[in-house]
Amino acid sequence: MMKSLLLSLLLVSVLFMNSFSEVQGRKWKGEGTTQNLESIVIGRCYDYIRIVNPAVGEKNCSEMWEAFKNAFINKDPCSILPQDYELFINLSLHTIPPNKSLFWENNQLLVNSFSDRGRRYMSLGDTLFGFFGDFLNWCGQANGAGLDYESCPTTEECENNAVESFWRMASVTYAQQSSGVIHVLLNGSAVGGAYPEPGFFADYEIPNLQKDKISQIVIWVVDDIEGPDIDSCGTHTVKILENKLKTLGYDVTCTDNYKSVMLLLCLDYPDHSKCTLSSSVSSVDGSLLSDGPLTDMGTV
């Protein structure tokens, strides 16, 4: 009986110590650095300059990694500033073709599909500097030269963390390099509205647009296929955005449920009511043709 009790107490003690060690190891609430980060980003760099967009020319991918790493390594994870990435940005910088910029909020995966890795549009994630860090996580340690694979600070814990500051710097650079017709894809089903304030577009991109290089700003507000219609052109937060841009002197147009984006969304929901053709479909030489628009395709 006594032996069994001692074994039970020992087991509880071991479990407690393991749990305590895990908590101690996780200093922050966020996920730790992505495993194999160096190999991933250097590989992405070569993928970009050789296959995705060879028009950018030669880039020193190893030098880019060193500049990227030195922006946050051996520093307080909550004291990383956007300008710490300046050397990395300079090494990775390239031209963004006019009329190809695509800004967004609350619909990253849709934007990635629609831009088609820069073939149709060039979103921030389609630039070399954005492609480098997309969907990755990283941070260093204040008293060490290594990466922290256990945990990294979230923006709620501290705004000046390595990832947040990276994307702020990248967003500023992307806006400054954009020209011609600017496109903005917003989620009309997003809780809180399509145009969030604060937000990256509101706080870091709009203030850094170069007005003399921009001919027009085209806004597309697209609802999720199975989502609610919370925001639209001329209403709620989109109206705030339209008025803000017009006050700044931009020529602004806005379209709800832009047809090209809706067609892309409908690939996953072919039988949904929003994806049905509004005119009859005819057969000519065995091919299905239709000149009718999809439903809910209003333009403002």
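Contact, in this tour, means heavy atoms within 4.5 Å. The model is predicted, so local features need pLDDT of at least 70 and side-chain atom pairs count only at pLDDT 80 or more, while totals for chains, interfaces and linings use all residues. Residues are numbered from 1 along each chain as its sequence is written, and side-chain values use heavy atoms, with hydrogens and water left out.

**Asparagine 107**

Select asparagine 107, in the loop between strand E2 (101-105) and H5. Helices (H or I, at least four residues) and strands (E, at least two) are DSSP runs, numbered from the N terminus. Leaving aside neighbours within four places in sequence, asparagine 107 is in contact with Leu185, Leu186 and Asn187. Its side chain reaches the backbone oxygen of leucine 185 at 3.2 Å; a polar contact is a pair of N or O atoms within 3.5 Å, where within protein one must be able to donate a hydrogen and the other to accept it, and residues adjacent in sequence count only if both atoms are side-chain atoms. Asparagine 107 counts as buried, at 8% relative accessibility. Buried means under 20% relative accessible area, exposed over 50%, and partly exposed in between (1.4 Å probe, protein chains only).

**The nonpolar cores**

Next, select Phe68, Phe72, Tyr85, Phe88, Trp138, Ile217 and Ile219, the residues with the most contacts inside the largest nonpolar core, which has 59 residues. A nonpolar core is a set of buried Ala, Val, Leu, Ile, Met, Phe, Trp, Tyr and Cys residues joined through side-chain atoms within 4.5 Å. Helix H7 (residues 162-177) gives the most to this core, with eight residues. Another core lies apart from it and has 16 residues, among them Leu110, Phe114, Leu185 and Val222.

Centre the view on phenylalanine 88. Leaving aside neighbours within four places in sequence, phenylalanine 88 is in contact with Met64, Ala67, Phe68, Phe129, Phe132 and Phe166.

**Helix H7**

Now select H7 itself, which is mostly covered: 14 of its 16 residues are buried. At the start of H7, a side-chain oxygen of asparagine 161 reaches to within 3.2 Å of the backbone nitrogen of valine 163. The end C-alpha atoms of H7 are 23 Å apart, which agrees with the 22 Å that its 16 residues should span at 1.5 Å a residue. The expected span is 1.5 Å times one less than the number of residues.

**Helix H9**

Move to H9 (236-247), whose 12 residues reach 17 Å from first C-alpha to last, close to the 16 Å expected at 1.5 Å a residue. Colour its buried residues, Thr237, Val238, Leu241, Glu242 and Leu245. Seen down the axis of H9, they fall within an arc of 145°, so they line one face of the helix. The arc is that of the directions from the helix axis to the C-beta atoms. An α-helix has 3.6 residues a turn, so residues three or four places apart point the same way. What covers the buried residues of H9 includes E7, helix H8 (200-205), E8 and E9. On the other side of H9, His236 and Thr247 are exposed. Glycine 249 follows H9 and has a positive phi, near 95°.

**Helix H10**

In helix H10 (residues 259-266), select the buried residues Val261, Met262, Leu265 and Cys266. They cover an arc of only 140° around the axis, which puts them on the same side of H10. These buried residues pack against helix H5 (108-115), strand E7 (180-187) and strand E8 (214-222).

**The disulfides**

Finally, display the cysteine sulfurs. A disulfide is a pair of cysteine sulfur atoms within 2.5 Å, and by this rule the count comes to five. Counting bonded cysteines along the chain, the pattern is 1-2, 3-6, 4-5, 7-8, 9-10.

- Cysteine 266 is joined to cysteine 275 (S to S 2.0 Å). The link is left-handed, with -85° about the S-S bond. Cysteine 266 is buried, with a relative accessible area of 9%, and cysteine 275 counts as buried at 9% relative accessibility.
- Cysteine 233 and cysteine 254 have sulfur atoms 2.0 Å apart. The torsion about their S-S bond is about -80°, so this disulfide is left-handed. The pair links distant parts of the chain, 21 residues apart: cysteine 233 is in the loop between E8 and helix H9, and cysteine 254 is in strand E9 (residues 252-256).
- Cysteine 139 is joined to cysteine 152 (S to S 2.1 Å). This link is left-handed, with -85° about the S-S bond. Both cysteine 139 and cysteine 152 are buried.
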